[in-house]
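Subject: Structure handover and notes

Dear colleague,

I am passing on to you the structure that I have been reading, together with my notes on it. Please open it first, and keep it beside you while you go through the rest of this message.

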Amino acid sequence: MRPNRIFAVFVLILGATGFTNELKAADSPVPLVNQPLVPDAVAPGGPAFTLTVSGTGFVAKSVVNWNGSPRTTTFITKSQLTAAITATDIADAGTASVTVVTPVPGGGTSNVAFLSVTNSTSNVGFRLGSSPHVGDTPEAIGIGDFNGDGNQDLAVVNYESSTVSILLGDGTGNFTLASSPATGSFPNSIAVGDFNGDGKLDLAIAGGASFQGTLSILLGDGTGNFTLASSPKTGESPHSVVAGDWNGDGQLDLAVANYQSGTLTILLGDGTGNFTVASSPVTDFGPAALGVGDFNGDGKLDLAVANYSMNTLSILLGDGTGHFSLASSPGTGMGPASVAVGDFNGDGKLDLVVANYNGNTLSILLGDGTGNFNLVSSSATGVLPESVAVGDLNGDGKLDLVVPNVCGNDLRCKTVGTVSILLGDGTGNFTPVSSPATGTGPLSVALGAFNHDGRLDIAAANMDDNTVSILRQVPTVSLSPIGLIFGNQTVGTTSAPQTATVTNVGYAAVNISGVTISGTDSTDFSETNNCPSSLSVGASCTIFVTFTPVSGGSRTAAVSVSDDGSNQPQIISVMGTGLSVRLSATSLNFANEMVGKISQPQIVVLTNIGSTPLTITSIKTNGADPGDFSVSNTCGGSIRAGDSCNIVVRFIPTQTGPRMAAVGITDNGGGSPQKIKLRGTGT
């Protein structure tokens, strides 16, 4: 892996909205909200409840905002608030943006945490929606509302173009390119925040190729346009940038991981978009990614540094002035390339997840609240994971993970990529459940509420086709069974119906647009159904399928259910065997016959009821006592459609007692060999 390909997960810090920094001597820090909220998902139409928000930098005057509107807030501690959420707030399905706002002096608005108003499910499903084009080799994604319309937008860093593509969302999952401002050379990481206190989101973008690295600080005007304001120096080959209030003065600061230097650059902001170096703490070799949180509960922000070259994390505890000291160095998997923060086991202490590029795994490290972390599990991912995003995807109150899968020579798959979806169980364990397709070479992912339906969606930056794949979460449909076997059926006759059940196991109604039959022998099968145009959550409908073969032999087709669910169309494979051979009898019973004597003949008429000639390969006796019966026929090697021939059978017992055998007819009429059972008694 080329070092300049490493992507670091950013921390989204939203600066003050509606507040300005009026005093130079600020006394309230910019708040930060941890994942998850408690609860982080509720069912629509439920009762009022108390929301618990955990994080860092809360003060007595901090207020919890629900979609930008304040809610009655109770200060518990500097790391915990509660807020009263009304029944009206959750009357309908949707995704609420929860922030903590601390008024001046200092303060500001925290990062956004999402609360899903949705029905909890045990599964998730995604469908590829729009795929907007961006610059050359997109490597990192930042999310925020850049034009103030209440819809989430994207800022995509383009490594080869040295630009950032600003994509404005329309609230339905579609995005339009608004601007492409220039950055420093070879940018590969981004942090979003209000760096000048004007209530409009700005960008900090790190460049990864130059030995004397820089940051590009781009100030936003609130319409989706950005202007370069400053370019503070960093160490060699900056590979990750995150934002936080390191010194608690109410101004957002930055931390940069310098891959070649083996250091961090801690930059303190002055609230105008300018930054000054405060310290340069040493990490292990090859720092590639940063995570932010209060890991020891002292109310001061700390940093987790993924050291790609050493397979470790450096846990650096902050002292509240912009200085950090090493607390622990837990091991990870091979080639840690990204780190994200969240409480994965619900104990109120922050944990870490690390994407291991060389090991194709995710390392889950649980924190003890003092700055120490223990590796507890390693979940397999797809090939070369280089980014990880955290959020509750299925509304069960437990954090889940999304990882892009990159592969091939120099990371260039040149094939359709995927993202791995891993659902958490609330104890620190994660299970892969699906791998929806993206564009080619997905390198980084971010989670957002792109269409306000109550579920988190995925944005994946595809470095090989210069697009961003927008994966919208959609309901899931269950089909049972997925195959129907009809067995042998005489040509021109109709079988009894067999059934399949369609069930909506998702979080919202599924629209069914039709049920069709296709395939090689689609005309041999027919269906009826009682499925409505809209199938509500938990509801089922039934499809009835019958088999009427038009000719002999194996007949196959597929019944397709078209809908707007994630795994559409649902497919039921159907198969049966058409019989174009009709026998006038399928068993013959002979009277008692003296041993050695020949009975009177019995005749079975074989008729070709198909529309094409019937080829007969053989007609012969088999079974327990084939020598006790003789068979002759008038069939020859072929029988024309509609014609018949005779099969003549005689009983010649070779010994006393019951004697049994069968006539086997091998042909191409379906269901071969046809059988005529034979029975007689020798006396």
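Residues are numbered from 1 along each chain as its sequence is written, and side-chain values use heavy atoms, with hydrogens and water left out.

Confidence

The pLDDT, which is the predictor's confidence in each residue on a scale from 0 to 100, averages 91 for the protein, and 94% of the residues score at least 70. Over residues 1–26, however, the pLDDT stays under 50, although the model has 114 contacts for them beyond four places in sequence, where contact means heavy atoms within 4.5 Å. Residues 408–412 also have a pLDDT below 50, and this stretch has 15 contacts in the model beyond near neighbours in sequence. Where pLDDT is low, the predicted coordinates should not be read in detail.

The second largest pocket

A pocket here is found on a 1 Å grid over the protein atoms alone, as an open set of points where a 1.4 Å probe fits, with protein on both sides within 12 Å along at least five of seven lines, and its lining residues have an atom within 4 Å of a point. The second largest pocket holds about 500 Å³ of space, a volume being the space filled by probe spheres set on the points, which are joined across faces, edges and corners. Its lining is made up of 28 residues, and those nearest its centre are Ser54, Asp343, Gly348, Lys349 and Leu350. Strand S3 (residues 49–56) gives the most to this lining, with three residues; strands are DSSP runs of E, at least two residues long, numbered from the N terminus. By class, the lining has eight nonpolar, 15 polar and five charged residues, where Ala, Val, Leu, Ile, Met, Phe, Trp, Tyr, Cys and Pro count as nonpolar, Asp, Glu, Lys and Arg as charged, and the others, Gly among them, as polar.

Strands and their pairing

Strand S24 (residues 287–293) is largely enclosed by the rest of the structure, because seven of its seven residues are buried, which means under 20% relative accessible area, whereas exposed means over 50% and partly exposed lies in between (1.4 Å probe, protein chains only). S24 pairs with strand S25 (residues 302–307) in the antiparallel sense over six bridges, and two strands count as paired if DSSP finds at least two bridges between them. Within this pair, valine 292 stands opposite leucine 303 in S25.

Elsewhere, five strands form an open sheet with mixed pairing, in the order S50-S57-S56-S52-S54. Its edge strands, each pairing on one side only, are S50 (587–589) and S54 (638–639). S54 runs antiparallel to strand S52 (residues 614–622), to which two bridges join it, and leucine 614 stands opposite isoleucine 639 in S54.

Single residues

Is alanine 461 buried or exposed? Alanine 461, which lies in strand S38 (residues 457–462), is buried, with a relative accessible area of 0%. Leaving aside its neighbours within four places in sequence, alanine 461 is in contact with residues including Pro138, Ile141 and Thr467.

Serine 566 lies in the loop between strand S47 (553–563) and strand S48 (570–579), and at 18% relative accessibility serine 566 also counts as buried. Serine 536, by contrast, is partly exposed at 42% and is found in the loop between strand S45 (534–535) and strand S46 (540–547).

Backbone details

Most residues other than glycine have a negative phi, and most peptide bonds are trans. The peptide bond from glutamine 35 to proline 36 is cis, with omega near 0°, and the bond from valine 38 to proline 39 is cis with omega near -5°. Asparagine 311 has a positive phi, near 60°, and lies in the loop between S25 and strand S26 (312–318). Asparagine 466, with phi near 55°, is found in the loop between S38 and strand S39 (467–473).

With best wishes

Methods: This is a predicted model: local features need pLDDT of at least 70, side-chain atom pairs count only at pLDDT 80 or more; totals for chains, interfaces and linings use all residues. Helices (H or I, at least four residues) and strands (E, at least two) are DSSP runs, numbered from the N terminus.
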